[in-house]
Every structure is written in C-alpha cells, then in structure tokens.
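Please keep the sequence and the model side by side while reading.

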Amino acid sequence: MGGRKRALLVGINYPGTKAELKGCHNDVDRMHRCLIDRFGFDEGDIRVLSDKDRSGPQPTGANIRRALARLVADARPGDFLFFHYSGHGTRLPAETGQQDDTGYDECIVPCDMNLITDQDFRELVQKVPDGCLFTIVSDSCHSGGLLDSAKEQIGNSTRQNKTQSREPEERPDSGSGSSFRSFLKETVRDAFESEGIHIPHSRHGHSHHGGDDQDEASKQPSGDGRIRNRSLPLSTLIEMLKEQTGKDDINVGSIRMTLFNIFGDDASPKIKKFMKVMLGKFHQGQSGEHGGGGGVMGMVGALAQEFLKAKLEGNEEEAFKPALEQEVNSVDEVYAGTKAWAPNNGILISGCQTNQTSADATTPQGVSFGALSNAIQTILAGKHGKVTNKDLVMKAREMLSKQGYTQQPGLYCSDDNVHVAFIC
C-alpha cells in the first residue's frame with residue numbers, strides 16, 4: 001500500500017526519582033529498530049521522545065501532546081500512524097464531588113507529571129481521517145481503558161467498568177463521602193504497594209479492582225531478576241507534584257486543580273474542562289444557588305472551594321483563561337470514567353487491564369524491558385509474515401502467562417480492525 005508510515009515513540013524511565021523504571025528506553029530503542037527493519041518506516045518519519053538524553057526535547061506532557069497532534073494533523077487517507085508509550089500509568093479518582101461522578105480517568109505519566117488522559121486519546125483519534133489507521137501500544141499500568149470508549153475485543157476492563165463503575169451508597173445522606181473515603185483507602189493501599197507490600201482487597205470494598213488477585217503487582221516470573229510495576233500510585237504522584245511545586249497542600253481531592261495550576265494552557269484538555277465547570281459551580285455557590293452543598297458537594301468540594309478562592313484573589317480572567325477558553329458541551333464531559341462516542345480509526349493494544357499493573361523487568365544479566373514490549377518483539381521476531389492485532393494480543397497473553405506474569409494485555413478497536421495486520 002502506498003500510504004505514508006509515521007510514528008511517535010515515547011520511553012520514560014524517570015531517572016533519579018522515586019518512580020524510576022529501567023526498561024522503557026530499551027523498549028523504545030527496540031521498537032525503533034523494528035519499525036525500520038520489519039515495517040519499512042523511514043528514519044525521518046519516526047519521532048522519539050525519551051528522558052535518556054537530558055540535552056534533547058524531554059517527554060513532557062506538552063511535548064508528547066504536541067507531537068501526537070502533529071502526527072494526526074498531517075495524516076492522510078491510506079497513512080499508517082503508530083504511537084508506542086513505555087512508562088508509568090496512573091488513575092485519577094473522581095473529584096467533582098457529584099454523586100454520579102464515579103470511576104477513574106486512566107492516564108499516562110509524562111516526565112513532568114503533566115498527565116494525558118484517556119479522553120485526550122479518544123479526542124485525538126477522532127481527528128484521524130477515514131482510511132488512516134492509528135495503532136497505539138501502551139506498555140503501562142491501568143492501560144486497558146486508555147482509548148476511552150473504544151470497543152473491547154479482548155479483555156475484561158470495559159465489562160467491569162459497566163457493571164461496577166458506581167460506588168454503592170452507604171446512606172442516603174452520604175453525599176460524596178463514601179466514594180471519597182474509599183479513594184482515601186485506595187491511596188493508603190497504593191502507598192504500601194508502591195513499597196512492594198501487597199494488601200488483599202476486601203470483596204466488599206471498592207470494586208474497581210475487580211477481584212482479590214488480579215491487581216497484584218506482576219509476579220516475578222523466574223530467577224533473581226528484578227520486577228517493578230509501572231503503576232504510579234496516587235500517593236507517589238502527589239509526593240512528586242509536591243516536590244515539583246514546593247506546595248504541601250496537594251492531596252487526593254485537588255490533583256486536577258494542582259495540574260491546572262502548574263501547567264495552565266499546557267494541561268490536559270480534560271483538566272481544563274474540569275476547571276471551567278468547577279469555576280461555574282463555585283460561582284453558583286457564591287451567588288446562593290446552593291443545590292445540595294453549595295454547588296460543589298462534599299469533602300472534595302471543600303478542597304475545591306479553598307483552591308478557587310485562593311486563585312480568584314488574583315485576576316480571574318488571567319488565572320483561568322486556559323479553562324475559560326476550553327469548549328465544554330456538557331457537565332458530564334468532566335466526569336471521571338465518562339463514556340461518549342467510540343473512535344473508529346484507533347487501535348489500542350494495552351499492557352494490561354484497567355485494574356492491573358504492567359511489569360518493568362530486569363533480568364539477572366542486567367537487560368531491562370517492559371513485559372508487553374518484550375513479548376511483542378519476541379512474537380514479531382518469530383514470525384516473518386503478517387501478524388494480526390488479535391493474533392499478537394492472544395500470543396502475548398499466552399506468553400506472559402507462561403512467564404508467570406499476572407497482567408493480561410487487551411485489544412480495543414472496531415470490529416473492522418481486529419484482523420488487520422499489526423501496524424501496517
């Protein structure tokens with residue numbers, strides 16, 4: 001086929017931080033060679049962003065977002081686009097304080113913590129022209145929901161989300177307290193798990209993990225190699241944001257506001273939409289239109305109000321300009337786990353389900369890699385002909401299971417793209 005082939009590869013090891021990984025640069029280097037040798041990409045059509053060389057452009061949120069936007073903006077029918085991300089993933093809990101705002105925003109974690117959300121990816125893929133295919137490989141934790149609303153062909157993330165996304169109400173008057181409390185419990189659990197201490201989940205607790213054994217940090221497969229998971233717990237994210245900003249008042253109820261405060265116009269469009277809606281709710285509350293807790297409800301709402309008051313002491317027009325300029329069609333757009341139209345031209349191959357972690361492994365010989373990225377390279381090296389998206393994911397699942405990993409890769413795409421060749 002005569003279409004142009006273009007790629008963006010992002011590998012982030014977060015060197016020198018408490019979130020440091022080992023295998024992400026290697027994943028990207030191997031994929032770079034594979035794109036040229038196997039898939040016929042031109043060197044000049046592959047953009048690499050990594051934090052290996054500190055003198056070059058870094059994989060910040062703004063740089064990744066710009067590179068993705070350029071990849072899609074230049075696309076024509078018949079083109080093949082490819083994005084490989086190797087790094088941390090995280091999930092942001094709901095923060096609006098509204099009872100119908102449940103679930104999570106799955107995100108990738110750029111080197112500066114300027115998160116890119118699942119909704120950002122969906123909106124990006126919506127801009128891909130018909131007849132152009134955009135394949136995304138995300139070797140990161142919680143990556144199952146990263147292409148928001150895409151049809152799940154292999155996996156169980158979407159099924160869990162549909163049946164388990166709502167927090168059971170403890171009392172009619174509980175407001176957002178019950179879901180906020182469970183998020184706090186998760187944050188405490190994350191803090192332990194980031195130190196390698198696993199706490200089993202209660203079967204009656206918060207349901208987004210979908211079982212007691214599925215979300216364990218990926219088990220060590222063999223030998224004395226070192227395995228670390230690619231999840232960035234909320235507790236670690238908050239600590240890193242505190243270090244970056246010098247502010248001590250960041251907590252689980254104000255992450256989105258903090259991201260907006262730090263990154264402004266470079267923040268995720270989803271974050272800017274959130275700020276615009278929260279500002280509107282704050283003004284409603286100020287003008288006496290209380291509607292159940294001053295327009296912004298519960299414990300989370302109190303944090304939001306303090307933050308907004310502090311921001312509004314300055315020039316509101318200037319402070320909130322990036323948010324005020326962001327188009328928001330409905331309040332639902334800012335909810336975590338919101339579902340909207342399904343993208344047709346995007347294919348996501350995820351390292352794991354939304355409730356699982358992906359492994360960052362170092363062998364006893366000192367070779368580091370992401371478990372999914374390594375499986376993909378092994379499968380492609382063993383087969384010279386066409387490998388379909390479905391074949392690749394099924395083989396990767398089988399391979400990782402045999403190696404002792406608990407993570408289960410997933411495939412998210414329209415029915416038309418299940419059996420097309422991986423990448424091109």
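Which residue of strand 3 does G11 stand opposite? In this predicted model, the residue of strand 3 that stands opposite G11 is S86.

- Seven strands form an open sheet with mixed pairing, in the order 2-1-3-7-10-13-8.
- Strand 2 (46-50) and strand 8 (152-154) stand at the edges with a single partner strand each, and therefore one side of each has no neighbour in the sheet.
- On average, and with direction ignored, neighbouring strands of this sheet are turned by 15 degrees against each other.
- Strand 1, spanning residues 5-11, pairs with strand 3, spanning residues 80-86, in the parallel sense, and seven bridges join the two.

**Strand 10 and its partners**
- Strand 10 (residues 346-350) is mostly covered, with five of its five residues buried; G346, L348 and S350 lie on one side, while I347 and I349 lie on the other.
- Strand 7 (residues 133-139) runs parallel to strand 10 and is joined to it by five bridges, with I136 having L348 as its bridge partner in strand 10.
- Strand 13 (residues 410-412) pairs with strand 10 in the antiparallel sense over three bridges, and L411 in strand 13 is the bridge partner of I349.

**Helices across the sheet**
- Helix 3 (residues 118-126) lies across strand 3, strand 7 and strand 10, and runs at about 160 degrees to strand 7.
- Helix 12 (residues 371-381) also lies across strand 3, strand 7 and strand 10, but runs at about 125 degrees to strand 7.
- Because nine of the 11 residues of helix 12 are buried, this helix is largely enclosed by the rest of the structure; among the buried residues are L372, N374, I376 and I379.

**Nonpolar cores**
- The largest nonpolar core has 63 residues, and those with the most contacts inside it are F83, F121, F134, L237 and M275.
- Helix 8 (residues 269-286) supplies the largest share of this core, namely seven residues, and the core draws at least three residues from each of domain 1 (5-154 + 340-417) and domain 2 (234-285 + 298-334).
- When neighbours within four places in sequence are left aside, F83 is in contact with several residues, including L8, V10, F121, F134 and I136.
- Another core, of 36 residues, lies apart from the largest one, and F80, I376, I379 and L411 are among its members.

Definitions and conventions. Residues are numbered from 1 along each chain as its sequence is written. This is a predicted model: local features need pLDDT of at least 70, side-chain atom pairs count only at pLDDT 80 or more; totals for chains, interfaces and linings use all residues. Side-chain values use heavy atoms; hydrogens and water are left out. Buried means under 20% relative accessible area, exposed over 50%, partly exposed in between (1.4 Å probe, protein chains only). Helices (H or I, at least four residues) and strands (E, at least two) are DSSP runs, numbered from the N terminus. Two strands pair if DSSP finds at least two bridges between them. Axes are lines fitted to C-alpha atoms, for helices over the stretch in contact, and angles run from 0 to 180 degrees between N-to-C directions. Contact means heavy atoms within 4.5 Å. A nonpolar core is a set of buried Ala, Val, Leu, Ile, Met, Phe, Trp, Tyr and Cys residues joined through side-chain atoms within 4.5 Å. Domain bounds come from an automatic or database domain assignment.
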